[in-house]
Amino acid sequence: METLFHMSLPCLSVKETKNFYVNNIGASLGRSAQTWVDVNLFGHQITFIKADKFNFNSPNYVFEGHILPSFHFGVIINEDTWKSIYEKLKESNLNVVNKTTFLQEKPGEHSSFFIKDPNDYMLEFKNFKNSDTIFKS
């Protein structure tokens, strides 16, 4: 059995969060109430809970010459799904951080892009050239 993850995060607007994840990312919704919503992000459960203004001040870091957000989360998906979501987001004129390939010709080679959700979270989408190298160095 594959192990799934659950994460709970504060959000500024349940309505905007639902809209972003369903209409832009293609996620589905689970249980919800007026002040929270469960999002099914490729089989993983993220619970967004309405909260007052919050701030995650984390410095960025540099990886292979690219400045990346140190606070982010994401999913690893197959190439077709990755390309489909990337094209959909680009066509929607959302602020997508352009796709990049990291670790070229090395273990762990993957393509990646980031997008900011309505709560200012950076969401990363990864596609590994060879899924057997996800944890190899």
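At 36% relative accessibility, Phe-42 counts as partly exposed, a class that runs between buried (under 20% relative accessible area) and exposed (over 50%), with a 1.4 Å probe and protein chains only. Phe-42 sits in the loop between β3 (36-41) and β4 (44-50), and its phi is near 55 degrees, a positive value in a residue other than glycine. Strands (E, at least two residues) and helices (H or I, at least four) are DSSP runs numbered from the N terminus. All of this comes from a predicted model, where local features need pLDDT of at least 70 and side-chain atom pairs count only at pLDDT 80 or more, while totals for chains, interfaces and linings use all residues. Residues are numbered from 1 along each chain as its sequence is written, and side-chain values use heavy atoms, with hydrogens and water left out.

Phe-42 turns up again in the lining of the second largest pocket, along with Glu-2, Thr-3, Phe-5, His-44, Gly-74, Val-75 and Ile-76. A pocket here is an open set of points on a 1 Å grid over the protein atoms alone where a 1.4 Å probe fits, with protein on both sides within 12 Å along at least five of seven lines; lining residues have an atom within 4 Å of a point. The volume is about 180 Å³, taken as the space filled by probe spheres set on the points, which are joined across faces, edges and corners. Strand β7 (residues 72-76) gives the most to this lining, with 3 residues.

As for the largest pocket, it holds about 290 Å³ of space. Of its 16 lining residues, Asn-55, Phe-56, Phe-71, Lys-116 and Asp-120 lie nearest the centre.

Trp-82, Ile-85, Tyr-86 and Leu-89 are buried in α2. These residues cover an arc of only 100 degrees around the axis, which puts them on the same side of α2; the arc is that of the directions from the helix axis to the C-beta atoms. The face turned away from the buried side carries the exposed Asp-80 and Glu-91.

What covers the buried residues of α2 includes α1 (14-25), β8 (96-102), β9 (110-116) and β10 (122-128). Ser-111 belongs to β9. Leaving aside neighbours within four places in sequence, Ser-111 is in contact (heavy atoms within 4.5 Å) with Trp-82, Thr-100, Thr-101, Phe-125, Lys-126 and Asn-127.
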